[in-house]
Amino acid sequence: MSCLYFENTDDPFQATRILLNRMKPFDALSRKSKIILKPNLVVSKPSSSGATTDPRIAEAVIVYLKDLGFSNISIRESSWIGDDTKKAFKVCGYVELSEKYGIPLFDLKGDTAVEMEFNGFKTSIFKSISEADYLINLPLIKGHCQTKITCALKNLKGCIPDSEKRRFHSEGLHRPIACLNGMIKQNLIIADGFITDPGFEEGGNPKQMGIIAISDDPVMMDSFAAFKLGFHPDEIKYLKLCREYGFGTYYRENSGNDPIVRADENLNNIRIHQENACSNCYSNLLSALKKINSGNHEFREDIYIGQSYKGKTFSGTGIGDCCKGASHFIPGCPPSTDDIYMYLADKK
Ligand code: SF4
């Protein structure tokens with residue numbers, strides 16, 4: 001039976017220890033097990049930005065495991081397309097952690113991949129992840145510009161090559177995310193809800209929620225995250241799909257889980273047509289729009305972004321190479337925030 005515990009805290013390290021002591025997840029696990037920690041280091045920004053997993057959570061897990069006699073522990077991640085995982089390890093405090101405790105870091109972008117399938121959906125998964133004896137997922141509870149939230153289930157997208165990440169977006173994210181979780185078993189989830197950006201996976205608008213949560217069920221964890229960010233779990237399509245596939249149970253709605261923050265979806269009335277855009281492409285657009293602070297501006301053209309516009313000709317401003325058929329477009333795959341900003345600021 002699934003369970004979830006959480007702590008309201010101002011100390012992520014201590015809260016993680018308290019939760020591990022409460023759950024005691026490793027009691028029956030062989031001390032020789034190959035244990036992988038998978039944080040969310042999607043971009044090279046510190047956890048104070050609300051974008052990445054606080055290294056104090058990983059540190060508490062490592063100390064706890066070492067005290068129990070585990071030694072085959074590693075940290076593995078691949079940042080999103082266009083960002084450098086090694087840089088993220090450094091900026092996010094994981095190189096320091098690695099040196100302090102002798103825990104190796106692996107940039108999964110250099111790993112080989114194996115093909116897997118669930119429910120007719122095929123993808124490639126990094127081999128070392130498929131060979132883990134015990135996978136500890138350390139996601140962040142945060143907002144996402146396309147799926148509304150991201151936590152345990154979507155964090156596994158860091159376990160697939162960049163080409164597959166791009167394909168996931170072309171297929172609308174929800175079914176691929178649900179199916180991915182039919183291929184990779186995450187044994188334990190410790191979610192960072194300490195400092196989060198409730199609207200944006202790239203961070204930049206951090207809010208202190210002060211929560212750390214632990215569960216053995218990613219669906220329960222993500223439904224908890226949904227409530228905390230102000231959504232019912234059924235509003236998150238991939239969560240609904242996971243339930244249909246029989247993957248897990250929702251966190252109970254009546255457990256004192258009042259929403260703490262709600263994603264801000266106000267884009268100042270700019271008309272954005274988004275169809276299967278990659279996360280970094282879309283978030284670069286949103287960052288550029290925030291920079292422009294466009295509340296008083298009227299854009300003459302609609303903005304188009306996403307892989308579904310490939311090969312089409314249309315009137316409007318296209319973001320990225322997929323939209324080169326637009327009457328005006330900003331090249332790049334993805335185009336940078338600065339390039340988008342300079343173009344749109346010039347047009348406003
Ligand atoms: S242009 Fe943007 S949406 Fe299209 S493939 Fe590149 S990153 Fe993805």
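**Figure 1. Contacts across the sequence in the predicted protein chain.** Among contacts (heavy atoms within 4.5 Å) with a separation of 6 or more, 71% join residues 24 or more positions apart. This is a predicted model: local features need pLDDT of at least 70, side-chain atom pairs count only at pLDDT 80 or more, and totals for chains, interfaces and linings use all residues. Residues are numbered from 1 along each chain as its sequence is written, and side-chain values use heavy atoms, with hydrogens and water left out.

**Figure 2. Fold and dimensions.** The protein chain has twelve helices and 15 strands; these are DSSP runs, with helices H or I of at least four residues and strands E of at least two. Its C-alpha trace spans about 60 × 40 × 40 Å along the principal axes.

**Figure 3. Burial and surface.** Of the 348 residues in the protein chain, 59% are buried, meaning under 20% relative accessible area with a 1.4 Å probe, protein chains only. The accessible surface (Shrake-Rupley method, 1.4 Å probe) comes to about 14300 Å². Carbon and sulfur atoms hold 46% of that surface.

**Figure 4. Charged side chains.** The protein chain carries 43 positive and 43 negative side chains. Lys and Arg count as positive, Asp and Glu as negative; His and the chain ends are not counted. Charges are placed at NZ of Lys, CZ of Arg, CG of Asp or CD of Glu. The centres of the two sets lie 2 Å apart.

**Figure 5. Cysteines.** Zero disulfides (cysteine sulfur pairs within 2.5 Å) are found in the whole structure. The closest cysteine sulfur to that of cysteine 151 is in cysteine 242, 12 Å away, too far for a bond. Cysteine 151 is buried, at 0% relative accessible area. Cysteine 322 is also buried, at 17%.

Key: Buried means under 20% relative accessible area, exposed over 50%, partly exposed in between (1.4 Å probe, protein chains only).
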